[in-house]
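Me: Please take a close look at one part of this model for me. I would like a connected account, in short sentences.

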Amino acid sequence: MIDQQILAAQRLSRDEIHQLQSQRLRALVRHVYDNVPFYRRKMDERGVKPQDIRTAEDIDLLPFTEKSDLRDHYPFGLLAVSRREIVRMHASSGTTGKPTVAAYTREDLDNWTELTARSLALAGIDDTSVVHIAYGYGLFTGGMGVHYGAERLGAAVVPASGGNTQRQLTLMEDFGATALCCTPSYAINLAEAMQEKGVDISRMQLKTGVFGAEPWSESMRTRIEKMLHIQAHDIYGLTEMMGPGVAMECEAKQGLHIWEDAFLPEILDEKQQAAPEGEAGELVITTLVKRGMPLLRYRTHDITCLTHAPCPCGCTHARLRRITGRNDDMLIIRGVNVFPSQIEQTLLQIEGITANYQIIVDRRGALDTLTVMVELDPARMSDTVRDVEALSAYVAAQLSASCLVHATVKLCPAGSLARSEGKAKRVIDNRRYE
Ligand code: ADP
Ligand code: ZN
């Protein structure tokens, strides 16, 4: 049964959303100005006072927040409430050194629960669902974030967490999982394990998947949907905002609805100016309802675009296009800009190879080398050496055409590349710049 309160929140009128945004932005700015010395200083430097912020459109008067600001104030320098009000902490592995901290008040946890509930409801999860959660539990926000949202909807939740693939399969079969939540790479991992074990997927109850926490592509979706006989939905989030459930794909699968009454999104160009609607840029988000550690204009470095066009599903919140990369993971190989997602796109369109790949970048003398390791489709394992050579040459030619870079392609037996139980490590960059 659809929860009426959740449905109403998904379908706020555009006027209501705008009003909530303006009202919440005013309260937020006052809250951080009064309680976070970092923001007071930044606003003072810009000559902006809380009373200057009247509507959501005034957002560009406010200062940005960078990941390095979080690091510089590690662990609690950006708290806007006293430590006594904090009831939970999570952390994500930082790119360098210290982790990124998320600190929640009771109210923050309630809001997170509502937002993940709204998100999961878009994937058809309700009180009849059995939700198998194979995101990691613990400091990582994935497991617990989705967990409370699913419980809030009245679903039966199986907190499997990551790891022990065989046991995951048994639990999914025996408990009759109808929904699977995990990273897309682990979904493929599970699907392969099912095939190996000879599980008859059509006899399982699985209907829907909620996959996120790492970039994936349309072709990967098709593959997962075929392998698991499900509808695969993309979920987006980041620890700095709360965790998963910031944005979520509905049944239309034409972008992820970002909960605009809780997050004020901006898409900015390279000069940090607003990009025209529909144009790609960096996603910058202001938290509108967070109390414990609210952030103004947080630079996610995720590249996407935003549309306010009405969605056939009836949800009124704007949609983000699937995250296509980050403006900081771009590889420059012999002067050519290459996104790992571009390489993935190309590989997934080629018959005879699987979605398991690894990109290795090295430097010989002054020359960058790119090696792409890909696993062969198990059906091709009996091919002759000549066939495999021809296939690698073909893959290399396709990569060179789509990414404009020469790659050495190494096809390897199915199952030979390291499997991850969380985020796949797709890129190994061995170059040193110092
Ligand atoms: P998470 O728990 O989502 O992994 P982190 O804070 O560790 O949270 O990482 C957040 C980052 O993960 C995002 O900024 C984005 O780059 C990436 N990410 C999360 N969800 C998605 C998604 N659905 N598609 C692409 N990238 C994603
Ligand atoms: Zn929709």
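**The zinc site and its surroundings**

Reply: In this predicted model, the donors of the zinc ion (ligand 2) are spaced C-x6-H-x53-C-x1-C along the chain. The pair H257 and C311 links distant parts of the chain, 54 residues apart. H257 sits in strand β9 (residues 256-258). C311 sits in the loop between β13 (306-307) and β14 (319-320). Both H257 and C311 are buried.

Now the donor atoms. C250, C311 and C313 each coordinate through SG, and H257 through NE2. The distances run from 2.1 to 2.3 Å. The arrangement is tetrahedral because the four donor atoms subtend angles of 105 to 112° around the zinc ion (ligand 2). Ideal tetrahedral angles for four donors are 109.5 degrees.

Next, the sheet. Four strands form an open sheet, in the order β10-β11-β12-β15, with antiparallel pairing. Strand β10 is joined to β11 (residues 281-287) by six bridges. One bridge partner is V284 in β11, facing E266. Helix α2 (residues 14-35) lies across β10 and β11, at about 95° to β10.

Finally, the core. The largest nonpolar core has 75 residues. Helix α5 (residues 106-122) gives the most to this core, with six residues. L25, Y236 and F263 have the most contacts inside the core. Beyond its neighbours up to four places away in sequence, F263 touches residues including Q21, L115, I258 and I285. Another core, of 27 residues, lies apart from the largest one; among its members are A134, L206, F211 and I224.

Key. Residues numbered from 1 in each chain as written. Chains lettered and ligands numbered in written order. Predicted model: local features only at pLDDT ≥ 70, side-chain atom pairs only at ≥ 80, totals over all residues. Heavy atoms only, no water. Donors = N, O, S within 2.8 Å, 3.2 Å for Na, K, Ca; no water. Tetrahedral: all angles 85-135°; square planar, octahedral: opposite > 155°, others 65-115°. Helix = DSSP H or I, 4+ residues; strand = E, 2+ residues; numbered from the N terminus. Buried < 20%, exposed > 50% of the residue type's maximum accessible area, 1.4 Å probe, protein only. Core = buried A, V, L, I, M, F, W, Y, C linked by side-chain atoms within 4.5 Å. Contact = heavy atoms within 4.5 Å. Pairing = 2+ DSSP bridges. Axes fitted to C-alpha atoms, helices over the stretch in contact; angles between N-to-C directions.
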